[in-house]
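I opened this notebook to record what I looked up in one structure, one topic per entry.

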Amino acid sequence: MARSARHNLHDSRRQPGTLGLRSGFRRGRRQPLPAAAYRERISRIHKTESFGPPEVWHEPQGRVQIAYVVEPPGRGYRHAVTVDEVRARLALLPRQFTRQVDILQFSRMTRKRALFPCYGMQWGSTIYLYPIEDSLVEVYSEPPTPAQRIEACMYGGRWERDGRSWQLVWTPETIRDFYLNNVLIHELGHIVDDRNTSFEARERYANWFAIEYGYRASRGRR
């Protein structure tokens, strides 16, 4: 998308439940921001509701090379992929896609972010990747939707019932595949998308982009 025209916020949320999103931006300077777009990882999201993103805004610089920012993942968490793995994955994509990315940040997990955890987020020309539990086991309070089951299966994730809760179990290999060929590419799709403005249309495009340039492309190289 044209950086000067629109600063869009998008995140890939991963905790299904009843958490709502509250409006309210950081104090001080407010960045131009349209209605937030959310990927379906919380089952009861009010898509028209804006919220204060738990991130530092990076002003687009039009860098020739992507700058990488790595924060400590936080106690009990790990980064699912490395800078070298992300750099190598992006190098496989056409240059017209990646040239719009200024910064790729590996963010830490904080108490605030743990309230509505994400796999990834796109804001302006920055992609943020969030850490995963050290155990590689995610605990959910509600059963997965059919779409969530299918998506996890595509990348090797395994859903298990554990009493009243559900667990999504990964291995180092499957979570790496999921981040490199789904989360990363999905968020890149939102940066590339310079046509759509509605939540539904932007999600359709990002989902298609992740399947076409992430899932299918990665399987074709194997």
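**Entry 1: the sheet**

In what order do the three strands of the open sheet lie, and is the pairing parallel or antiparallel? I am working from a predicted model. I find the order 9-11-10, with antiparallel pairing. Strand 9 (137-140) and strand 10 (158-162) are the edge strands, and each of them pairs on one side only. From one strand to the next, the twist averages 25 degrees.

I then went through the pairings. Strand 10 pairs with strand 11 (residues 165-169) in the antiparallel sense, over five bridges. Strand 9 and strand 11 also pair in the antiparallel sense, over four bridges. Leu168 of strand 11 turns up in both lists: it is the bridge partner of Trp159 and the bridge partner of Glu138.

I looked at the connection as well. Strand 10 and strand 11 form a hairpin, and two residues lie between them. Gly163, in the turn, has a positive phi of about 65 degrees.

**Entry 2: cover on strand 11**

How many of the residues of strand 11 are buried? I get five of five, so I note the strand as mostly covered. As a general point, side chains in a regular strand alternate between the two faces of the sheet. I therefore checked the two sides separately. On one side I have Ser165, Gln167 and Val169, and on the other Trp166 and Leu168. All of these are buried, and both faces of strand 11 are covered.

**Entry 3: helix 5 against helix 6**

Two packed helices are described by the angle between their axes and the distance between the axes, so I looked up both values. The axes of helix 5 (residues 172-192) and helix 6 come within 8 Å and cross at roughly 140 degrees. That angle makes helix 5 oblique to helix 6. The crossing is right-handed.

I also listed the residues that meet. From helix 5 they include Asp177, Asn181, Ile185, His186, Leu188 and Val192. From helix 6 they include Arg202, Tyr205, Phe209, Tyr213, Tyr215 and Arg219.

**Entry 4: aromatic pairs**

How many aromatic pairs does a search of the whole structure find? The search finds 14. I took Phe97 and Tyr213 as one example: their ring centres are 4.9 Å apart and their planes stand at 75 degrees, so I class the pair as edge-to-face. The pair links distant parts of the chain, with Phe97 in helix 2 (residues 95-98) and Tyr213 in helix 6 (residues 199-220), 116 residues apart. Phe97 has 10% relative accessibility and counts as buried. Tyr213 has a relative accessible area of 24% and is partly exposed.

Tyr213 also pairs with Trp208. Here the ring centres are 5.9 Å apart and the planes are at 90 degrees, so this pair is edge-to-face too. Trp208, at 42% relative accessibility, counts as partly exposed.

Which residues form one aromatic cluster? I noted Tyr119, Tyr155, Trp170, Phe178, Tyr179 and Tyr215.

**Entry 5: two single residues**

Is Thr126 buried or exposed? Thr126 is in strand 7 (residues 126-129). Its relative accessible area is 0%, so I count Thr126 as buried. Leaving aside neighbours within four places in sequence, I find Thr126 in contact with His58, Ile103, Met121 and Ile191.

Val64 was next. Val64 lies in the loop between strand 2 (37-38) and strand 3 (67-70). At 60% relative accessibility, Val64 counts as exposed.

**Entry 6: the whole chain**

I ended with the totals. The protein chain has six helices and 11 strands. It has 222 residues, of which 50% count as buried. Among contacts between residues at least 6 apart in sequence, 76% join residues at least 24 apart.

How values were computed: Residues are numbered from 1 along each chain as its sequence is written. This is a predicted model: local features need pLDDT of at least 70, side-chain atom pairs count only at pLDDT 80 or more; totals for chains, interfaces and linings use all residues. Side-chain values use heavy atoms; hydrogens and water are left out. Rings of Phe, Tyr and Trp (its six-membered ring) pair if their centres lie within 6.5 Å; planes under 30 degrees apart count as stacked, over 60 as edge-to-face and the rest as tilted. Buried means under 20% relative accessible area, exposed over 50%, partly exposed in between (1.4 Å probe, protein chains only). Two strands pair if DSSP finds at least two bridges between them. Axes are lines fitted to C-alpha atoms, for helices over the stretch in contact, and angles run from 0 to 180 degrees between N-to-C directions. Angles under 35 degrees count as roughly parallel, over 145 as roughly antiparallel, 65 to 115 as roughly perpendicular and the rest as oblique. A crossing is left-handed if the near helix is turned anticlockwise from the far one by less than a right angle, and right-handed if clockwise. Contact means heavy atoms within 4.5 Å.
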